[in-house]
Structure formats: structure tokens, C-alpha cells
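Before reading on, take a moment to look over the sequence and the model, and let the following paragraphs guide you from the packing of helices to the chain as a whole.

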Amino acid sequence: MKNFFQQPLATKPNLLKQINYARLLNLLRCHGPITRAELAKCTGLTRSTVSVITAELIAAELVLQGAEIVTPGSGRPGIGLVLNPQGAFFIGASIESERLTVVEMNLAAQIEQRIKEPLENPENPEVVLNQLVRLINRLRQSNPLSQQRLRGIGLTIEGTLNLDGVVICCSFLDWEGVDLRRYLQPSLDLPLFVDNDANAAALAQMYLGNGIQTHSLLYLLINKGIGAGIVINNRVFRGAYGTAGEIGAWLTEQICSAVNDHRNQPKDLGLLVGREKLLSRYRKQGGTASDIVELVEHLAQAQPLAKAIVSEWAQTLGWGLINLVNVLNPERIVIGGALTALIPYVKDQLNTMLRDYIPGDGKNGFFRNPKACFEISTFGEDAAALGGAVLAYQSLFRVPDLVLLQG
């Protein structure tokens, strides 16, 4: 099947064609079913141009024709166009501190398959990456249709990466200098996209979650540590070398004092708000929870110690959040990852901090815009793997960055 989205952008016509395809597909993703006349109106393209492009998309089985739609004021009805869920597939994979997750997503952003396995030997990158290739191949072989229509594989990892997909540091696995792309690409016959888990989860929120119409997003992914995915003007901001959003190593005296034992605290925000530190503090003061699920049960029972420890945790998280919001001024804040189960118990506390300590105070600060909101991701433990799938998925819908073309 012809792939319009992997051709080199060597000429202006090719670039313009790719831009127009992406614009129409994105409108179909967000607003389908939609008629050709509406597509032309929204894009400013001529109806004949829209007809040519949509005919090619239908021939490529990316788009289906549906029922007639009557558009107010347009006179006669038009045929509604929608994305074909089975027209393309994307694989997302995540390497986490304790497991591998691989998912397959269709063009309608529905999960078709999901596989999870504990890591066989976390300290050995070669063993883990071989295990990952086996999982990906097992998933691919189980669906012949998707095997023919796979568009790419997106991989995420809990760690710091550079722009070339090399792991600079992954403290939970004790990896350094692992070139993910170089190792994996020879074993995969599809385009490979690599990013850290927070960036990818932020993308998933933009494309699949309630951030679809958001242009500026701050996504915090909290598990064993904490990372930030920053979206500005619908693009993930990675910085000059790919390490933007690594807030786990961020700390200020204000954050230290918020947890009441400055001298004994590690100089690392990721450890302060991460899962192990939270559970350790709870147990040291007499709590009995073995994991976050049990801690949440104690919160639901209004146990005083659980409420106090989680409130301290929220205070520390809140100071970090305030610093980020002051710098970035995002339209929307989303928190994801395993510790999101705690947020409903401290959301009012975090909201109050955002109102009281953001410049402008109260309704004139972060929340002055009715669109501004602070919320919980709905993707749970699958956020990173879904984000991996979206790394590949977005290639169909993203208007290419402008490039300098000769001639």
C-alpha cells in the first residue's frame, strides 16, 4: 500500500501534499464524520483539491464514506467521511522499572491488543531489549491484518534520552549510554520512534485524551520518580539536546522545608515524590501499606496517618508544580502514572496552592482563563505504552515542521 507519509520532502509539491494530507486527516480525527465541503471550508482548499485528496485516502483505505450529512445553510446533503479504524495500526512499547508493556492501536485510537511481562533481567540492556523484540513480534503475528497495515513502532523508557534515542541515564534500571535505536532498528522492519515516557504520555494526552484541543500542556508522570512532558503549540518541547522536562533532579530550599526534615532529605525531587519514598515515610511512622493500592484504601478509610503523609507528599509536589507553572504558564496541567490514585484526596490542596502562589493570585492567576484546568490522566498504567503508539500515530496527523527548500 502506498505510504504518503514516509516520502522524502525533496520538492515543494511533495511538502504541500503532505501538509494537506495531514490537515485533512487531523480534521477527520477530531471532527469526523465530516463532509468534503466542510473540509474545504475548514482548510481553505478548493473542493476539487479536497476531492482528489480524499479519493486517494479512500483508495489507501485510511478513510471510509458514511451516511449523508445535512450541513445547516449548505442546501443539499453531503457524504460524511470518517477514519477507517482498520486502515492503519501502530505499536507502542514501554520499558519500565519492573515490566515491559506492548500495545497495538488502530487508526481510531482503540487498543486492539496488550501484552505485559516482568523484566527478565533489568540490569542487562541486551536481555531486556531481546525480550522486547520477542514481545513485539508475538503481538505482530497474532493479527495478520494489522501486520500488513502497521505504520510504525514507538518506544518509551523511564529515563533521560538524547535526541538520537540514546539513554543518558536510567537510574531505576542502572542503564547509561544504551543506544536504543541502533540496537533495535535492525530487528524491526518498521519506522522506530523513541522518546522518554513523560514526553510520550503527554502526546497521548494531546491526541487521545481530554487535551485534544489544548495547545499548551504540562504533563507530570509520577511513579518511582517524576518526569514532565511539555507541549507548546502542539509540539513536545525537548530542548536543545532532548532532555527538557527532567524535573526529577530539581530541588529548591522551599521544597526541602516543605517536608520538615531538610537535612535528611535526598536532593532529588523525583525521590521526594516518588512511590518508594512515599511508602517508606508512611511505614516509618507506623503505617502498614505494602503498596499504593493499600495506601489508597487507608485514605478511603480516612486514616489520620495516611491523610497526613499524603498531604505532606502533595505539599512537596505542589511546590514543584508551582515552579513549573510559573515558568511555563501552561493552559492545562495533567498528572498521570501510578500515583494518580492519590490525587483525588489532595486535589483541593493542590488547587489552593496553584491559586495562592501563582502570580496574580486567585482568579487572576493560573485559573483566570476558563480553559485552564488541572486534572488526572485517564490512561493509568498504560500511559507510557499508549504514548509510544502515539509517537508513531502522530506521523499521519502532524503537519511537518517547515524546512528550507532550494529552488
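When two helices lie against each other, the angle is taken between their N-to-C directions and runs from 0 to 180 degrees, and each axis is a line fitted to C-alpha atoms over the stretch in contact. Two packed helices are described by this angle together with the distance between the axes. The model shown here is a predicted one, and in it helix H10, residues 275-284, packs with helix H11, residues 292-300, at an angle of about 50°, while their axes are 11 Å apart.

H10 contributes Leu-278, Arg-281 and Tyr-282 to the contact, whereas H12 contributes Leu-305, Ala-306, Ile-309, Glu-312 and Trp-313. By class, the contact of H10 with H12 has 6 nonpolar and 2 charged residues, with no polar ones.

From the helices we can turn to the backbone of some loops. Most residues other than glycine have a negative phi, and most peptide bonds are trans. Ala-302, which is in the loop between H11 and H12, has a positive phi of about 60° although it is not a glycine. With a relative accessible area of 42%, Ala-302 is partly exposed. Asn-329, in the loop between H12 and strand S14, residues 332-336, likewise has a positive phi, near 50°, and Asn-329 counts as exposed, at 51% relative accessibility. Elsewhere, the peptide bond from Gly-32 to Pro-33 is cis, with omega near 0°, and Pro-33 is found in the loop between helix H1 (12-31) and helix H2 (36-43).

Finally, consider the whole chain, which has 14 helices and 15 strands. Of its 407 residues, 52% count as buried, and the accessible surface comes to about 18,600 Å², of which 51% belongs to carbon and sulfur atoms. Among contacts between residues at least 6 apart in sequence, 62% join residues at least 24 apart.

Notes:
Residues numbered from 1 in each chain as written. Predicted model: local features only at pLDDT ≥ 70, side-chain atom pairs only at ≥ 80, totals over all residues. Heavy atoms only, no water. Helix = DSSP H or I, 4+ residues; strand = E, 2+ residues; numbered from the N terminus. Buried < 20%, exposed > 50% of the residue type's maximum accessible area, 1.4 Å probe, protein only. Contact = heavy atoms within 4.5 Å. Areas by Shrake-Rupley, 256 points an atom, 1.4 Å probe, with all protein chains shown as cover. Nonpolar A, V, L, I, M, F, W, Y, C, P; charged D, E, K, R; others polar.
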